[in-house]
Amino acid sequence: MRSRTGKVAIVGAGLVGSSAAYSMINQAIAGEIMLIGRTYEKALGQALDLSHSMDFTYQRTKVHAGTYADCKHMDVIIITAGANPKPGQTRLDILEEAEMITKDIVAPIMESGFQGVFVVAANPVDIITYLVWKLSGLPRSQVIGTGTSIDSSRLKTILSEVFSIDPRSVHGYALGEHGESQFVAWSHVTIGGKPILHILDQHKERFKHLDLADISRKTRDAGWEIFTRKGSTQFGIGSAIAFITRSILTDDHKIIAVSSILDGEYGQKDMCIGVPAIIGGSGIEEIIELQLADEEMKLFEHSCQVLRGNINNLSI
């Protein structure tokens with residue numbers, strides 16, 4: 001495990017980047033947070049605003065604005081800067097613009113001498129994570145996308161409302177693309193340790209109204225439900241970024257569904273997609289290979305096919 005000093009840079013000083021910083025400050029995750037924005041003044045404004053909250057937090061976090069040249073000694077660099085979909089567009093529709101932005105970001109970061117871990121939140125996150133991996137030349141373990149971490153959290157929230165329980169008592173994952181081809185691995189969803197499929201089988205009358213396909217759809221579309229109402233998502237994904245970053249900096253070894261570069265896992269190579277992985281001090285310590293049901297495996301392969309078609313269109 002590499003020595004961590006708790007230094008985090010966030011590229012993107014907008015809603016997502018500032019929400020991630022705010023979440024990390026309030027949870028005392030990092031000792032230092034550096035913001036890099038489209039303009040230095042915007043990043044400085046956010047840094048000043050965040051720094052004024054220190055009197056009300058458990059632990060002081062040094063917050064400041066910086067540049068790509070200052071990235072060498074960072075432990076984690078979070079990329080939130082990217083393109084935003086317009087009404088009617090999917091995450092994949094913004095790939096061309098997102099690719100250009102990402103190239104402009106990664107090159108100067110690597111020129112600084114950075115050798116830490118990238119956490120990518122810019123959409124389409126699976127493809128941009130793959131692009132960051134290729135552009136950086138870092139080992140695949142050191143490039144992580146937020147992937148379906150937020151979708152898995154949304155799934156747990158929806159199920160907690162159905163079963164009237166704390167969402168932290170629900171365990172399970174949305175897998176695949178963070179996008180239209182994602183799916184819920186129902187064969188691995190448990191409530192209080194009990195498989196949900198067993199619960200539904202034993203209580204057919206009580207839960208006869210429950211439609212798993214509808215819950216999968218609501219999980220997939222939850223981000224758009226927010227986006228169409230307020231024009232962005234920020235707090236959920238900001239918390240997901242903070243959660244992943246904390247597991248890196250404190251070597252927590254938490255299992256999180258993240259965009260991971262596959263090299264033989266799930267029968268896939270040279271692919272980046274949302275799967276559960278152990279996140280620790282060196283990034284992705286291990287990818288967890290779930291024994292998916294036959295139909296789930298078909299859905300996973302379809303999601304890989306969708307992503308691969310877009311990955312092959314990258315100019316790298």
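Predicted model: local features only at pLDDT ≥ 70, side-chain atom pairs only at ≥ 80, totals over all residues.
Helix H1, helix H3 (95-111), helix H5 (149-163) and helix H7 (212-230) each contribute at least two residues to the lining of the largest pocket, and that pocket is where I would like to start. Residues are numbered from 1 along each chain as its sequence is written, and side-chain values use heavy atoms, with hydrogens and water left out. The helices (H or I, at least four residues) and strands (E, at least two) are DSSP runs, numbered from the N terminus.

The largest pocket has a volume of about 990 Å³, a volume being the space filled by probe spheres set on grid points that are joined across faces, edges and corners. A pocket here is an open set of points on a 1 Å grid over the protein atoms alone, where a 1.4 Å probe fits, with protein on both sides within 12 Å along at least five of seven lines, and its lining residues have an atom within 4 Å of a point. For the largest pocket there are 37 lining residues, and Val-16, Thr-80, Ala-81, Gly-82 and Asn-84 lie nearest its centre. That lining divides into 17 nonpolar, 15 polar and five charged residues, where Ala, Val, Leu, Ile, Met, Phe, Trp, Tyr, Cys and Pro count as nonpolar, Asp, Glu, Lys and Arg as charged, and the others, Gly among them, as polar.

The second largest pocket, with a volume of about 620 Å³, is lined by 23 residues, and those nearest its centre are Ser-149, Ser-152, Ser-153, Lys-156 and Phe-243. H5, H8 and strand E12 (254-263) each supply at least two residues of this lining, with H8 giving the most, seven residues. By class, the lining of the second largest pocket has ten nonpolar, nine polar and four charged residues.

Let me turn to helix packing. H1 (residues 15-26) and H8 (residues 235-249) pack at an angle of about 55 degrees, with their axes 8 Å apart; axes are lines fitted to C-alpha atoms, for helices over the stretch in contact, and angles run from 0 to 180 degrees between N-to-C directions. H1 is therefore oblique to H8, given that angles under 35 degrees count as roughly parallel, over 145 as roughly antiparallel, 65 to 115 as roughly perpendicular and the rest as oblique. Val-16, Ser-19, Ala-20, Ser-23 and Met-24 of H1 meet Phe-235, Ile-237, Gly-238, Ser-239, Ile-241, Ala-242 and Thr-245 of H8, contact meaning heavy atoms within 4.5 Å. Seven of these contact residues are nonpolar, five are polar and none is charged.

The axes of H5 and H7 come within 9 Å and cross at roughly 115 degrees, which means that H5 is roughly perpendicular to H7. On the H5 side the contact involves Asp-151, Arg-154, Leu-155, Ile-158 and Leu-159, and on the H7 side Ile-215, Lys-218, Thr-219, Ala-222, Gly-223 and Ile-226. This contact has six nonpolar, two polar and three charged residues.

Finally, the backbone. A cis peptide bond, with omega about -5 degrees, joins Asn-123 and Pro-124, and Pro-124 sits in the loop between strand E5 (117-120) and helix H4 (125-136).
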